[in-house]
Amino acid sequence: MNLATLRDRAQLAEPRDLLRNPVVLSLLVLLALFAAGNLVAPGFASYGSFVNTLRIAAFLGVIAAGQTIVILGGGEGIDLSVGKIATFSTVVVAQVSQGEDERLLVAIAAAFAYCGLIGLANGIGVAYLRIPPLVMTLGMVGVVTGIIRVYSGGQPEGRAPAVLSQVVNGTALGGVRGSVWIWLVVAVCTIWLLRRTTFGRRVYALGANREAAFLSGINVQRNLVLLYVASSLYAALGGIMLLGFAGAASINLADQYQLISIAAVVIGGTTLAGGIGGYLGTAVGAVVLQTMRNLLIVLDIPAAGRQVVNGVILIVLLSLYGRQRRLRQ
Amino acid sequence: MAFLEMRGVDKRYGGVVALDDASLSAERGEVHGLLGANGSGKSTLNKILTGVVAPDRASIEVDGADTRIDRPQDAHHRGISAVFQELSLVPDLSVTANIVLAFESTRLGFVQRRRDRERAAALLERFAPAFHGNTLPLQAPVGSLSPGEQQIVEIAKAIAREPDILVLDEATASLYSAQVEVVSAVVRELRAAGALVLFTSHRLGEIYDLCDRATVLRNGAVAGAVELAETTEAELVELMVGSVTAPAQEVVEGRGAASLEAARDVPRLEVEGLTTDRLQDISCRVAAGEVLGLGGLAGQGQSALLNALFGAVRIRGGSVTIDGQPALPRRPKQAVDHGIALVPGNRGREGLFPVRPILENLTVPSMRGRARFGVLSDAAERAAAVRAGEQLQIKYGSLDDGVMTLSGGNQQKVVVGKWLLTDPRVVLLDDPTKGIDVRAKAELYEVITALTEQGVAVLLNSSDDDELLALSHRVLVFFEGRVVSELSGNELTRDRLVADSLQVAAT
């Protein structure tokens, strides 16, 4: 690190800039949530409770990593199929492995391969057939739903192999569960991918100005396809982890991640217009959403009410995003 | 007192004077030409009259009444309609809907679609000969029509508002001669009905055919108002060019013209019969270290050639070789691989990643060469960016600052700098000094000179004729997608350039 970068870091540390940093803002929101929760239910902000929150947030965190990449790539990019792809992944692993440890690796390979193909189809639809991402990925939800029904006969067989459950749920180092460690590795890799690889730079370039990216010699269409393939691979991994946690697959196990993965990305400061943001914010966003959910539970709000609150939060966030975009122009 | 009086019109864009005390005076029942070379301010004057551009100072009187035109709506209310070369149609709406847009017939607040259709049909009837007697399909979305048909819809839309003043600014540029004749007939009808038509065209023939009088602009000021019947084409060109200012010859001197002559036998870039939608059969050779200027009135194919050489548009035929190797690019990535760089005409829209830092803006096109298996080294990326920054004297605080925090001139240097890092063999510059200050311009000229010293072949398009003449060893003059002449040596003068741009025999 040379002097210039040191100075740049130091500039970032000015208080006013910090308050504009969406990651810092999300962290402040997180603190506020824990403080509020602790008033209602003492122990809400305890270490054990926090670690447990991370354990559940890990699934969202991993799935939202792919969503982050797609949204960063701009051009109205969004992947509404991540939830269904993750569900498909749980079904594939459960059925292929039939709960047997020695077939786990084959099952995981199958899940990545099948889900990767779905992502490839999404990418080709968006990049080459110029179908709007919203339409393409929403349509894909229907397609995958059908595939799951046919593939599982409506009732997925098999269950999570014991090894998978142990890895995901086992504790190590200070009571932190396996899912959190996997998430940590995924987070580090994703941040590195976005910041230190040509692929990452191209993602930002596509999102910031697709025309300029094209005229800078970037193969726009091929890189767009890669965005959606990456997204589906993250969703597949999230599904595999979720199966280890839940023990058995169902035909809608991960469907809820369709929308909250987008919420996590937006809370984390990545703009829906693309080109600005990163994974660190999304990771904090995932913890914020999980904490909010926990808070609604300790407040004893029924499931239907929690859904309403979740929806309202999403609307508020998206309207804030609209303001942001106007500011940009 | 004439029907339209514009007086004391001033407009500056940053430090650049577009109009300086310009004026215009025209009567009802007249077709009035507006003429001038590139950068003379004729489009700016049209845009001020139609409320698209706000003047710094202007007095506009219509029919003897002081008129403020701050927005396009003000112009509409005063009965001023305009057609520019860039269309203002909504591609997904039907022909009818476009023509009556914001002028729909209503009854109790409900749109009367049938009445709208009849109005549109009656209007387009006047243009029927342009479509071989058929009328346009009124229900078809405008986006499905040919460019010429769209242009006619645009003209019909302007006429639908029954304007007192109609501005046609290169409105015939994309039309075939048969279509031009139909538009001319409609213009004459309007004149007979007492309207004032302000007419701008790069085709002098159309000006002579249609206009009664013309105002000639030069460098933002009026060079003269003439009766066309009493003025020859050569006299018009003389008015546009004025007393010939010597081009900045010192820039060209000392470049070793003799060695260049020798080098020309082995061209760095050779283009043979290049044809696209906008270009016909373009051939040229550019030697290493040579600057080939692309001249002519704006939009005659100069940018189109640069985009074609960069693989940004579909090429229909022809060949391109660089150092003897075939290098016809199908997409920009291939062009970059061949060592071609393009500094695009619209810096903000095509050249920059506005929300990203200076660092990424400078390094993205060249990063592949520095990466190992797609992995970047932060130190190497920064070193490359610093190198480009020093070479171009870019003034920035930190490489991590957003690129939009820079001044316009420094932004343009970033666009140039990102290509320097790719070590290009051919550099395509599309109006690189548009809208940047004098100092940044001078620095960019130095960069161009430095490029040529390194043996780069440069193709330069510039809307500033003086700049083009000063920087280029040779200039190709474009007219409607073709090269009509090549100027070199002592032919590199402003009056030759303007005369050839308008296809007038040299005086």
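**Close-up views of the predicted model**

Val143(A) counts as partly exposed because its relative accessibility is 44%, with buried meaning under 20%, exposed over 50% and partly exposed in between (1.4 Å probe, protein chains only). This is a predicted model in which local features need pLDDT of at least 70 and side-chain atom pairs pLDDT 80 or more, whereas totals for chains, interfaces and linings use all residues. Residues are numbered from 1 along each chain as its sequence is written, chains are lettered from A and ligands numbered from 1 in the order written, and side-chain values use heavy atoms, without hydrogens and water.

**View 1. Nonpolar surface patch of chain A.** Patch residues have over 30% relative accessible area and no salt bridge, nonpolar side chains being joined within 5 Å. Helix 6 of chain A gives the largest share, four residues (helices are DSSP runs, H or I, of at least four residues).

**View 2. Contact of chain A and chain B.** Chain A contributes 26 residues and chain B 37 (heavy atoms within 4.5 Å). About 2,600 Å² is buried between the chains, 61% of it from carbon and sulfur atoms (accessible area lost on being put together, 1.4 Å probe, summed over both parts).

**View 3. Salt bridge between Arg201(A) and Glu360(B).** These side chains meet at 3.9 Å, N to O (Lys or Arg side-chain nitrogen within 4 Å of an Asp or Glu carboxyl oxygen). Three salt bridges are counted between chain A and chain B.

Technical notes. Patches are made of residues with over 30% relative accessible area and no salt bridge: like charges are joined within 9 Å, nonpolar side chains (Val, Leu, Ile, Met, Phe, Trp, Tyr) within 5 Å. Accessible areas come from the Shrake-Rupley method with a 1.4 Å probe; for residues, only the protein chains shown count as cover. Helices (H or I, at least four residues) and strands (E, at least two) are DSSP runs, numbered from the N terminus. Buried area is the accessible area (1.4 Å probe) that two parts lose on being put together, summed over both.
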